[in-house]
Amino acid sequence: MSLLRLRNLSVEFATTGGRFRAVDQVDLDVDKGDVLAIVGESGSGKSVSMLALMGLLPWTAKVTADEMVFDGHDLSKMSARARRKIVGKDLAMIFQEPMSSLNPCFTVGFQIREALKIHLGMDRKAAQARALELFELVGIPDPEQRLKAFPHQMSGGMNQRVMIAMAISCNPKLLIADEPTTALDVTIQAQILDLLVRLRDETGMGLVLITHDMGVVAETAQRVSVHYAGQKVEEQPVRPLFRSPHHPYTSALLAALPERATDRRLPTIPGVVPGQFDRPQGCLFSPRCPYADDHCRKVPPAPRGPDLGLARCHYPLNTDERLAS
Amino acid sequence: MLRYVLSRFATFLPTFIGVTLISFAFIRVLPGDPIIVMAGERGMTQERYDELVVQFGFDRPILAQYWDYLTGVLQGDLGTSYVTKKPVWDEFFALFPATLELSICAMIFAVALGLPAGVIAAMNRGKLFDRTLMSTALVGYSMPIFWWALLLIIVFSGNLGWTPVSGRIDLLYYFDDVTGFMLIDSLLSGQDGAFTSAVRHLILPTIVLGTIPLAVIARQTRSAMLEVLGEDYIRTARAKGLPPGRINGMHALRNALIPVITVIGLSVGTLLAGAILTETIFSWPGIGKWMVDSIFRRDYPVVQGGLLLIAVMVMVVNLTVDLLYGLINPKIRKR
């Protein structure tokens with residue numbers, strides 16, 4: 001039994017122009033100690049699917065799922081009160097903008113102790129000791145003084161460490177990191193990623209890393225789930241994915257890596273992710289796909305088998321037959 | 001923090017000088033002559049009139065008069081009433097506790113109802129409670145104070161007979177001023193039923209005076225809360241699994257308080273202006289009524305001094321508000 005099991009997860013937003021499907025029939029599994037990277041362009045629904053899992057979407061969102069099982073509990077069938085006992089304790093999340101994700105009116109110490117008091121029932125003294133321990137664990141120098149600081153008195157990197165300390169304070173079984181390094185500069189990015197991986201090694205928690213940075217994926221992830229326009233289009237372990245992507249979108253993403261560029265101009269994927277009003281009838285990637293034919297434009301493809309990375313494609317790349325021919 | 005306080009205080013002085021200038025000019029722009037008003041229907045001889053003009057210093061250039069007034073004010077001398085011949089300062093402090101008592105009660109009423117109402121409305125955005133509350137607030141805000149007062153008097157004093165129509169306390173009770181606050185004095189007097197009577201007299205004026213601030217505070221709290229609830233740190237608080245009461249009442253409200261406190265501070269001005277009407281309607285012996293009477297009598301020193309003191313109070317309240325920002329949001333303290 002995996003730690004997290006999502007089946008047929010969909011999220012629709014009620015907008016003035018009608019319903020908009022941000023997440024479309026996504027299946028995901030994460031095990032203990034697993035590092036799963038979810039990649040995709042902006043608007044591919046990668047954050048929304050995880051926010052839906054956490055129950056953090058606004059009321060305009062309608063979340064449906066056949067299964068949304070975390071650690072043996074089906075979150076979709078729980079009351080908000082019962083769910084709060086899990087969210088923030090066993091299931092934690094950190095966000096893209098560390099500077100605005102912390103409350104400016106309270107010290108970081110207060111914000112970290114708060115979670116400890118509520119979930120673990122610690123008194124002030126125990127919570128303070130644990131907070132100190134956590135700050136040391138995430139590599140914040142001079143932790144005793146820093147606990148008294150307000151978020152605006154610290155750098156973005158330090159604030160992200162505070163966010164991580166807060167997220168892991170109750171020893172979560174799964175940590176979701178939503179583009180944790182996007183707002184930080186490059187040297188700090190590497191440190192934060194190292195920290196996340198080290199914490200995973202030490203605590204054995206599962207880690208979901210949402211990113212659009214393929215470099216980050218290559219360095220940290222074990223498995224990669226590629227999302228496009230709300231759908232999961234491919235999932236493979238990291239090495240095979242980089243070596244032989246099956247979905248044309250994955251292949252195009254990899255070809256767009258600056259490291260792989262051979263030309264003077266950086267390669268790009270022409271076009272943009274379809275929005276609410278230009279959603280294609282068949283395969284969602286067909287308008288931008290160099291291999292698409294009439295069949296692709298008319299009939300939406302179902303996911304292929306595990307040997308083909310569950311690719312949602314009528315004509316997957318790098319298949320054995322293709323390699324043979 | 002000290003630099004913040006000093007920088008706030010530096011803006012205080014020019015405003016103060018400006019207010020003295022305006023209050024000095026305001027009463028002189030009004031048509032009418034205090035000496036003639038003083039003489040009343042009997043009239044007076046030209047000689048006596050000229051004598052009084054010299055006595056009051058009206059023969060001197062207007063700038064010299066202003067200079068006299070300003071130097072007097074800076075030395076703590078607000079002048080003497082033309083009518084009662086008592087120092088303005090003494091008259092003001094004899095009447096001010098009545099106004100202060102009424103204003104404080106009105107403010108407590110407005111904040112105690114407006115703040116929770118705004119928070120609950122924001123939490124139930126778009127639902128029936130929110131809509132009802134916001135339209136009621138709009139009505140309350142737009143209603144003329146005097147009409148609202150008369151309406152309440154007709155219903156609660158006239159038809160139902162629950163509350164007295166005017167004054168601060170029943171004529172049955174008599175005791176000396178100790179603090180000037182009727183609620184406290186009536187308790188100190190130890191007379192049976194005095195306190196209850198004082199409370200009953202306060203109810204309607206409090207509601208009337210507090211209605212507009214109540215509406216403003218409720219609406220401001222709601223919109224500030226809605227803005228804050230969309231912030232990233234609220235998402236973080238929810239991701240921590242905190243209960244909604246704690247998220248709204250603590251994480252959100254503390255951030256939403258800044259604009260709300262601004263409005264509360266500004267309401268003090270509205271409150272003192274509203275007090276003039278409210279006090280007149282309920283025959284409340286405070287500075288509002290005193291100011292109105294003095295304007296009709298063209299009692300220059302009283303009007304000047306009264307306006308100045310009211311303005312200073314509003315300024316002090318807003319200064320306090322500025323200092324409170326720093327306490328609520330540490331980010332502002334640093335700037």
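## A helical span in a predicted model

The end C-alpha atoms of residues 302-328 of chain B lie 38 Å apart, and this span is 100% helix and 0% strand, where helices (H or I, at least four residues) and strands (E, at least two) are DSSP runs numbered from the N terminus. The model is predicted, and so local features need pLDDT of at least 70 and side-chain atom pairs count only at pLDDT 80 or more, while totals for chains, interfaces and linings use all residues. Residues are numbered from 1 along each chain as its sequence is written, and chains are lettered from A and ligands numbered from 1 in the order in which they are written.

## Chain B and its annotations

Chain B holds 15 helices and 0 strands, and its C-alpha trace spans about 85 × 55 × 40 Å along its principal axes. Of the 335 residues in chain B, 36% are buried, a residue being buried if 20 or more other C-beta atoms, placed from the backbone, lie within 10 Å of its own, exposed if 12 or fewer, and partly exposed in between.

An unreviewed UniProt entry places the annotation "transmembrane region" on residues 12-30, 92-121, 133-156, 198-218, 256-282 and 302-328 of chain B; such positions are given in the numbering used here, feature names are shortened, and annotations may be inferred rather than shown by experiment. Residues 133-156 of chain B are 92% helix and 0% strand, with end C-alpha atoms 23 Å apart. The unreviewed entry also gives "domain: ABC transmembrane type-1" for residues 96-325 of chain B, a span that is 80% helix and 0% strand and whose end C-alpha atoms lie 28 Å apart.

## Two crossing helices in chain B

The axes of helix α6 (residues 88-123) and helix α13 (residues 287-296) of chain B come within 8 Å and cross at roughly 130°. Axes are lines fitted to C-alpha atoms, for helices over the stretch in contact, and angles run from 0 to 180 degrees between N-to-C directions.

On the α6(B) side the contact is made by B:Glu91, B:Phe92, B:Leu95, B:Phe96 and B:Thr99, and on the α13(B) side by B:Ile287, B:Gly288 and B:Trp290, two residues being in contact if their C-beta atoms, placed from the backbone, lie within 7 Å.

## Where chain B touches chain A

The contact between the chains takes 18 residues from chain B and 21 residues from chain A. On the side of chain B that touches chain A, α11 (232-239), α12 (244-281) and α15 (330-334) each supply at least two residues, and α11(B) gives the largest share, 6 residues.

## Strands in chain A

In chain A, 6 strands form an open sheet with mixed pairing, in the order β7-β8-β9-β3-β10-β11, and two strands pair if DSSP finds at least two bridges between them. The edge strands, each pairing on one side only, are β7 (91-94) and β11 (231-237) of chain A. Within the sheet, β3 (residues 35-39) and β10 (residues 223-228) of chain A pair in the parallel sense over 4 bridges, and A:Ile38 has A:Ser225 of β10(A) as its bridge partner.

Elsewhere in chain A, β1 (residues 4-15) and β5 (residues 67-70) pair in the antiparallel sense over 4 bridges. β5(A) and β6(A) form a hairpin with 2 residues between them, and A:Asp71 in the turn has a positive phi of about 55°.
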